Amino acid sequence: MRNSLILSGLIGVLGMGLLFLVFELVLWNQSVVLFAQDRGYIACDGIFAMLPALLIGNLINCYITNKTNSNWAGVFTAMMWTAWICVGANALA
């Protein structure tokens, strides 16, 4: 289970970190704005703040799924965690 938790956390954080890196490289080095008509450039810095939340969410989801041997328990746990993070982030903004 430990290896599954580590792998789940690494995949999620590295994927989101790669997305953040692409946004930052495009925005700061080439002075090009992606999705300018949709204001997508405003939220790209918000990706960096989601890395710890994504790591914790992946760990909780993977742990609950492995412990209960049910995908549904992990899915509902991940949905509750995501809702909590979204509400908390909007309350702080």
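This briefing walks through the main features of the structure above, topic by topic. The model is predicted. The chain holds three helices and zero strands, and reading along the sequence gives the pattern α-α-α. As you go, try to find each residue in the 3D view.

**The chain as a whole**

- The chain has 93 residues, and buried residues make up 22% of them.
- Its accessible surface comes to about 6800 Å², and carbon and sulfur atoms account for 71% of that surface.
- Among contacts with a separation of 6 or more, 57% are between residues 24 or more positions apart.

**Helix H1 and a pair of leucines**

- Helix H1 covers residues 2–29, and leucine 14 is found there.
- Is leucine 14 buried or exposed? Leucine 14 counts as exposed because its relative accessibility is 58%, and the cut-off for exposed is over 50%.
- Leucine 14 and leucine 55 are 41 residues apart in sequence. In space, their C-alpha atoms are 9.7 Å apart.

- By the ring-pair rule used here, the count comes to two aromatic pairs.
- One of them joins tryptophan 81 and tryptophan 84. The arrangement of this pair is edge-to-face, with 5.0 Å from centre to centre and 75° between the planes.
- Those two numbers are quoted because a pair of aromatic rings is described by the distance of the centres and the angle of the planes.
- Why is the pair called edge-to-face? The angle between the planes is 75°, so the pair passes the cut-off of over 60 degrees for that label.
- Both tryptophans lie in helix H3, which covers residues 71–92. Tryptophan 81 and tryptophan 84 are three residues apart, about one turn of the helix.
- Tryptophan 81 is buried, with a relative accessible area of 16%, whereas tryptophan 84 counts as exposed at 57% relative accessibility.

**The largest pocket**

- How much space lies in the largest pocket? The space there is about 150 Å³.
- Helix H2 (44–68) and H3 are the elements that give two or more residues to the lining of this pocket.
- H2 provides the largest share of the lining, six residues.
- The lining includes Met50, Ala53, Leu54, Gly57, Asn58 and Asn61. Ala78, Trp81, Thr82, Ile85 and Cys86 also line the pocket.
- Which kinds of residue make up the lining: nonpolar, polar or charged? The lining residues divide into seven nonpolar, four polar and no charged.

- With a relative accessible area of 18%, asparagine 58 is buried.
- Which residues does asparagine 58 contact, leaving aside its neighbours within four places in sequence? They are Ser8, Gly9 and Gly12.
- Asparagine 69 sits in the loop between H2 and H3.
- At 72% relative accessibility, asparagine 69 counts as exposed.
- The phi angle of asparagine 69 is near 55°, a positive value in a residue other than glycine.

Conventions. Residues are numbered from 1 along each chain as its sequence is written. This is a predicted model: local features need pLDDT of at least 70, side-chain atom pairs count only at pLDDT 80 or more; totals for chains, interfaces and linings use all residues. Side-chain values use heavy atoms; hydrogens and water are left out. Helices (H or I, at least four residues) and strands (E, at least two) are DSSP runs, numbered from the N terminus. Buried means under 20% relative accessible area, exposed over 50%, partly exposed in between (1.4 Å probe, protein chains only). Contact means heavy atoms within 4.5 Å. Accessible areas come from the Shrake-Rupley method with a 1.4 Å probe; for residues, only the protein chains shown count as cover. Rings of Phe, Tyr and Trp (its six-membered ring) pair if their centres lie within 6.5 Å; planes under 30 degrees apart count as stacked, over 60 as edge-to-face and the rest as tilted. On a 1 Å grid over the protein atoms alone, a cavity is a set of points where a 1.4 Å probe fits but cannot get out, and a pocket is an open set with protein on both sides within 12 Å along at least five of seven lines; lining residues have an atom within 4 Å of a point. Grid points are joined across faces, edges and corners, and a volume is the space filled by probe spheres set on the points. Ala, Val, Leu, Ile, Met, Phe, Trp, Tyr, Cys and Pro count as nonpolar, Asp, Glu, Lys and Arg as charged, and the others, Gly among them, as polar.
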